[in-house]
Amino acid sequence: MYRFLASRRWLVRTLAGVLLVLLCVRLGLWQLDRNEQRQDRNAVIEANVGGDPVPAAELAPPGETLATDDQWRTVEVTGRWDVDEELRLRLRPVDGTRGVHALTPLVTDDGTALLVDRGFVAADGRDDDEIELAAPPDGEVTVTARVRRSETGHDVDPSSGSVRFVDVEAIAAGLPYPLYGAWGELIAQVPEPATSLQLIEPPETESGPHLSYAIQWFLFAVVGVGGFILLIRGEARGSEETPERPAGRVDIEA
């Protein structure tokens with residue numbers, strides 16, 4: 001009844017069907033993994049955002065990497081802004097708006113600095129180099145910031161005055177002082193500047209679409225298996241309804 005499955009045509013169909021189902025399952029598992037990563041990230045954000053500030057040196061001393069579980073924690077640093085070494089952090093739109101961020105070292109009394117994203121300025125039709133960044137306060141300031149892990153990328157050339165990724169090690173190589181092993185997003189500073197930049201909001205903890213995507217891929221796999229079974233049964237019924245012609249018989253038309 002199912003001898004047709006051994007034919008070349010059905011062997012190709014079967015192989016293609018199996019590969020398609022396996023692909024759907026693999027994509028579903030990938031989306032489950034993405035969902036788990038998002039949940040872990042959200043747990044870190046919820047645990048750390050809004051917590052009491054700690055010294056930056058406690059979390060990421062120079063030359064050390066910020067632990068994943070310490071990301072988004074609040075630090076407090078006192079020092080002076082070094083606008084001469086300020087960089088423009090580009091290709092980081094805020095709420096879909098193009099612009100640049102002011103990435104400025106805050107140098108402490110012991111000579112160590114924390115790279116701080118002081119805020120965002122919308123381009124409003126200007127090129128990145130034409131955007132004016134408001135100056136920070138002169139003299140000593142006390143800053144609270146959310147710390148972030150150092151980033152990696154191929155577009156990190158501090159000598160150009162702008163960067164796309166905050167690679168702390170690469171940026172530190174061109175500075176006359178060491179940097180803490182993390183960078184921060186400004187929350188507040190005392191005293192406040194005469195002109196403030198748009199501060200960066202903490203990340204949201206939405207679950208995202210990964211779980212629903214995973215369910216969809218698994219449903220595709222189930223539909224694929226069910227459809228293939230129906231196709232086989234339909235072929236088998238067709239074979240039963242078509243009787244085999246006896247060997248050697250020749251039909252002669254009248």
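These are my notebook entries on one protein chain, which is a predicted model.

**Entry 1: secondary structure.** I looked up the elements first. I found four helices and eight strands in the protein chain. Reading along the sequence, I noted the order α-β-α-β-β-β-β-β-β-α-β-α.

**Entry 2: overall dimensions.** I then looked up the extent of the protein chain. Its C-alpha atoms fill a box of roughly 110 × 40 × 30 Å along the principal axes. I recorded a radius of gyration of 31 Å, whereas a compact globule of 254 residues would have one near 18 Å.

**Entry 3: burial, surface and contacts.** I noted that 36% of the 254 residues count as buried. The accessible surface of the protein chain is about 15500 Å², and 53% of this belongs to carbon and sulfur atoms. Taking contacts between residues at least 6 apart in sequence, I found that 71% join residues at least 24 apart.

**Entry 4: charges.** I looked up 24 positive and 42 negative charges in the protein chain.

**Entry 5: aromatic rings.** I found one aromatic pair in the structure. Trp217 counts as partly exposed at 29% relative accessibility. Phe220 is partly exposed as well, with a relative accessible area of 45%.

Definitions and conventions. Residues are numbered from 1 along each chain as its sequence is written. This is a predicted model: local features need pLDDT of at least 70, side-chain atom pairs count only at pLDDT 80 or more; totals for chains, interfaces and linings use all residues. Side-chain values use heavy atoms; hydrogens and water are left out. Helices (H or I, at least four residues) and strands (E, at least two) are DSSP runs, numbered from the N terminus. The radius of gyration is taken over C-alpha atoms; the globule rule is 2.2 Å times the number of residues to the power 0.38. Buried means under 20% relative accessible area, exposed over 50%, partly exposed in between (1.4 Å probe, protein chains only). Contact means heavy atoms within 4.5 Å. Accessible areas come from the Shrake-Rupley method with a 1.4 Å probe; for residues, only the protein chains shown count as cover. Lys and Arg count as positive and Asp and Glu as negative; His and the chain ends are not counted. The place of a charge is taken as NZ of Lys, CZ of Arg, CG of Asp or CD of Glu. Rings of Phe, Tyr and Trp (its six-membered ring) pair if their centres lie within 6.5 Å; planes under 30 degrees apart count as stacked, over 60 as edge-to-face and the rest as tilted.
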